[in-house]
Amino acid sequence: MTRFMDNFYARLGVPRDATPEEIREAYRESARKFHPDTRDKNTGTELFLGIQQAYEVLAQPEKRAAYSKTLPPETSLDDVEVEISLSRSRLLSTDEPQLLYVLMEIKTPNGVPIRTEPPPLNIGLVIDRSTSMTGPRMDVVKAAARQLLRQLRPEDFLSIVAFSDRAEIVFPASRGSDYHRMDAKVSMIRTGGGTEMYYGLEAGISEIKRYMSPSYINQVILITDGHTYGDEAKCLELAEIARMDGITISGMGIGDEWNDVFLDRLTAKTGGNSVYISQSKDIKRFLEQKFSGISKIYAENVRLVYDLQTNAALRYAFRLKPDPSRIDSDGSISLGNVQFNEEIRVLLEILINDTEEIQDELEFLVGKLVMEIPTRVVPTVRKNLKIKCGVAVDVAPEPPPSKIVQAMSKLTLYRMQELAREDIEKGDIKQATRRLQNLATNLLAQGQAVLANTVLQEATLLEKGDDMSEEGAKQIKYGTRGLLLPPGRETLSWH
Amino acid sequence: MALICQNCGHNEYVGAIFCSECGAKMIDDTGMATQSFEGFMRKNVEDQVVFDDITPLKEAGGKEKSLSIFLPDHDKAIPLSGKLKFTFGRVSMGQQILPDIDLAEYGAFENGVSRLHASIEISSPVIYITDLGSSNGTRINGVKLVPLRPHLVKHGDTVALGKLRFIVLMQS
């Protein structure tokens with residue numbers, strides 16, 4: 001905690017040149033997050049008082065100026081590198097709507113040494129122990145959890161929650177000192193009962209909150225094989241709160257019966273993603289992958305807070321890297337984590353209306369990137385962002401940057417299956433069938449014969465008046481999403 | 001004013017890159033052709049790169065063989081896994097079929113790598129490389145391959161796509 005308590009600015013997580021509004025906003029945010037009622041009694045009170053004290057000084061201009069003079073000069077370090085590419089340099093001046101694609105890349109800046117020791121982890125494993133998990137699924141989950149225990153370092157926190165129609169804390173958030181006791185507790189998890197995710201998530205999140213700090217990596221990993229019953233809306237609300245607290249939720253769905261649309265929405269809200277595990281034996285590999293990703297985090301909980309011009313609207317947002325996932329947006333998008341070895345890559349599709357009145361240039365997006373860099377003295381980092389594009393009456397056709405075209409060539413396929421499923425929801429089976437057939441054709445052209453075949457099978461089912469199979473729908477979704485991963489990282493194992 | 005897809009007739013907004021209906025590309029972006037080198041410098045690609053710490057390839061039989069390529073000029077290894085066949089090339093605009101491994105960022109264009117240059121196929125226990133009719137050819141340890149015919153590669157072999165070199169690394 002000493003690093004965090006360096007100075008008053010650090011306590012609130014604002015830069016030295018923060019505006020009074022930013023200070024007020026940061027104070028409200030931290031006060032809510034670190035209020036003693038919501039946290040572990042001892043550390044909570046101390047933290048909260050520290051924040052209180054900092055705000056009292058920084059909120060008053062004279063006191064703030066006097067205090068700032070006593071501080072040593074700030075060492076300026078580039079926090080993150082942001083690269084923006086647009087699908088074209090100029091918009092057409094027209095009263096008709098038009099599309100613009102924005103590719104945003106957020107990287108660890110050059111010159112930041114790759115850390116050998118990751119920041120302390122604060123991980124909550126939330127395990128579905130409903131009846132359907134009985135057998136190899138639970139055995140593998142347990143084995144994987146026990147292996148993770150062994151990898152914990154003395155400074156890491158881990159909690160495990162098991163849930164069915166209620167939640168039980170297998171062991172509360174604690175440092176990995178008492179390995180044998182934890183191991184024994186894990187092996188005692190019994191299966192039985194239904195699936196009510198809310199209780200599990202709630203318990204998992206409150207365990208993480210006990211020791212939460214911006215200097216830690218705070219994540220919930222949810223493992224489930226079923227639909228949750230009747231509490232989806234409550235779960236989504238909970239995810240919203242987790243997001244505001246800076247906790248990421250990642251989901252692993254085992255088998256074919258879980259609700260991928262729901263799990264995707266839930267995790268995307270917090271900047272996490274969901275993965276599809278078709279075979280029990282893959283659970284371990286996925287958990288390991290997840291952990292190795294987590295321990296390479298440079299900046300966590302990156303979110304884009306933005307305002308769009310009145311004539312611009314965000315139609316679609318998708319994270320291409322590191323964990324491909326569609327992302328929700330409502331003035332703020334959770335983008336996930338920047339890893340040392342892998343940048344965040346996000347593609348935004350923006351619809352721009354009526355540009356006739358605009359001279360030369362349209363600044364369509366103004367906002368900031370906010371994130372926590374756990375290794376920093378001041379972990380919360382804000383970076384302002386403005387994106388603009390030229391406007392001209394006569395626009396010569398220009399090819400978009402190849403990285404946008406390449407990303408779109410794969411994303412279009414993912415989008416096609418998404419639209420097909422929306423058609424099915426709407427009852428337009430004919431349209432859905434046609435989309436799937438088009439998708440299969442495109443997959444074949446890209447050399448994805450196995451996936452194309454699965455798509456065709458599902459299209460045939462639809463044509464015959466049947467529903468898509470749950471397994472097929474998931475294979476198509478996660479298969480097309482997997483095309484966005486770099487070679488060698490495809491997540492699906494075909495059987 | 002709307003854009004009409006040449007393939008299916010679907011209407012898209014101006015600025016669309018792919019048709020949301022049929023997935024066809026909406027933009028006309030005939031890419032750069034691969035440049036051919038006059039008096040191609042064979043010498044550059046014949047030098048074999050010698051490594052001290054190449055882990056010896058275990059004999060065939062081991063199932064989990066991992067394959068990667070190492071680009072000595074960039075000091076970068078690219079693992080190849082999850083599939084049995086990988087195509088190599090460079091991504092440029094106007095391309096229908098994209099290579100699995102895009103070498104564009106390693107100076108593929110400058111080194112005369114074609115858009116679809118070669119493929120590597122794992123056919124356990126051996127690995128084949130096939131030149132896909134590239135402009136500047138593919139060489140294994142300096143020896144030029146007959147196009148469209150699979151050739152065996154071994155652990156530690158230096159492969160050159162045009163002038164871009166990499167070393168094949170296999171581990172059991």
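**Close-up views of chains A and B**

**View 1. The salt bridge between chain B and chain A.** Across the interface of chain B and chain A in this predicted model, the rule finds one salt bridge, a term that stands for a side-chain nitrogen of Lys or Arg within 4 Å of a carboxyl oxygen of Asp or Glu. This salt bridge joins the side chains of E21(B) and R435(A), with 3.5 Å from N to O. On the side of chain B that touches chain A there are 17 nonpolar, five polar and six charged residues, where Ala, Val, Leu, Ile, Met, Phe, Trp, Tyr, Cys and Pro count as nonpolar, Asp, Glu, Lys and Arg as charged, and the others, Gly among them, as polar.

**View 2. The interface of chain B and chain A.** Here 28 residues of chain B are in contact (heavy atoms within 4.5 Å) with 33 residues of chain A. The area buried between the two chains is about 2400 Å², and carbon and sulfur atoms give 63% of it; buried area is the accessible area (1.4 Å probe) that two parts lose on being put together, summed over both.

**View 3. The surroundings of V153(B).** V153(B) is buried, with a relative accessible area of 5%, where buried means under 20% (1.4 Å probe, protein chains only). Leaving aside neighbours within four places in sequence, V153(B) is in contact with I127(B), Y128(B), I129(B), I140(B), V159(B) and M170(B). The C-alpha atoms of V153(B) and I127(B) are separated by 5.8 Å, although these residues lie 26 residues apart along the chain.

**Notes.** Residues are numbered from 1 along each chain as its sequence is written, and chains are lettered from A and ligands numbered from 1 in the order in which they are written. Local features need pLDDT of at least 70, side-chain atom pairs count only at pLDDT 80 or more, and totals for chains, interfaces and linings use all residues, while side-chain values use heavy atoms, with hydrogens and water left out.

Notes: Buried < 20%, exposed > 50% of the residue type's maximum accessible area, 1.4 Å probe, protein only.
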